[in-house]
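Visitor: I am new to this structure, and I would like to be guided through it with a few questions.

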Amino acid sequence: MIIRISFLLFLLSLPVLVLAEILLWLNIPGLPELVTKLGSAMLLSALAVLIITALLAMPKIIMRSVLNYFSAGERLHRRLLFVQAQQERVRRLFHFRTLKIKYLNELRRKRLLKANNRKHIRSLSKSIHKDLLAIKKELPKTTFKQLRQDNIRYRKQQDIESLLQLQQKISTFI
């Protein structure tokens, strides 16, 4: 309601100021100054009404906000939001820890698999070496040397398929 009064004073001051401009244009002495002062007073009173209303309403608004902030319903609402945020944080933490565990387990599995492959390649190479030594007398020296070099090269390259083929090749000589 007070804002309407202030707005009405503002709207009424505009035609008064226009009237003062018309009177000034018509060269009527003294009257334009009086009408200008009236229009300015109306504008100033509209602004003063707004400022006074705001100053009087501020403490009431502040007090209502403070009371609302500390009310039981708001406290419960803030507590609910806090608990929901905690649950979300725990859910995200669980998710990322699960990802970390899966990642670390995969790394461990790959490391074990690599170590296991190296162990099997070593044992396969030793077996090939024993087979080569067993048939050394039956093979020509160059063939024996070539097979032994292939064994060493495939072992260093960690090439299990080639080692298996070499073992099959040697088994054909036996």
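Visitor: Is the crossing of helix 3 and helix 5 left-handed or right-handed?
Guide: In this predicted model, Ile121, Leu124, Ser127, Ile128, Asp131 and Leu132 of helix 3 meet Ile160, Leu163, Leu164, Leu166, Gln167 and Ile170 of helix 5. The way in which helix 3 and helix 5 cross is left-handed.

Visitor: Are helix 3 and helix 5 roughly parallel or roughly antiparallel to each other?
Guide: Helix 3 packs with helix 5, which covers residues 160-173, at an angle of about 20°, and their axes lie 10 Å apart. Angles under 35 degrees count as roughly parallel. Helix 3 and helix 5 are therefore, relative to each other, roughly parallel.

Visitor: Is glutamate 138 buried or exposed?
Guide: Glutamate 138 sits in the loop that lies between helix 3 (72-134) and helix 4 (141-157), and its C-alpha atom is separated by 8.5 Å from that of phenylalanine 173, although the two are 35 residues apart along the chain. Exposed means over 50% relative accessible area. Because its relative accessibility is 61%, glutamate 138 counts as exposed.

Visitor: At which residue does the kink in helix 2 lie?
Guide: Helix 2, formed by residues 31-69, reaches 56 Å from its first C-alpha to its last, which is close to the 57 Å expected. The kink in helix 2 is of about 30°, and it comes shortly before proline 59, at alanine 57.

Visitor: Which helix do the buried residues of helix 2 pack against?
Guide: The buried residues of helix 2 are Pro32, Val35, Gly39, Met42 and Ala46. The partner against which these buried residues pack is helix 1 (2-25).

Methods
Residues numbered from 1 in each chain as written. Predicted model: local features only at pLDDT ≥ 70, side-chain atom pairs only at ≥ 80, totals over all residues. Heavy atoms only, no water. Helix = DSSP H or I, 4+ residues; strand = E, 2+ residues; numbered from the N terminus. Expected span 1.5 Å × (residues − 1). Bend = angle between axes of the 7 residues up to and from the residue. Buried < 20%, exposed > 50% of the residue type's maximum accessible area, 1.4 Å probe, protein only. Contact = heavy atoms within 4.5 Å. Axes fitted to C-alpha atoms, helices over the stretch in contact; angles between N-to-C directions. Parallel < 35°, antiparallel > 145°, perpendicular 65-115°, else oblique. Left-handed = near helix turned anticlockwise from the far one by under 90°.
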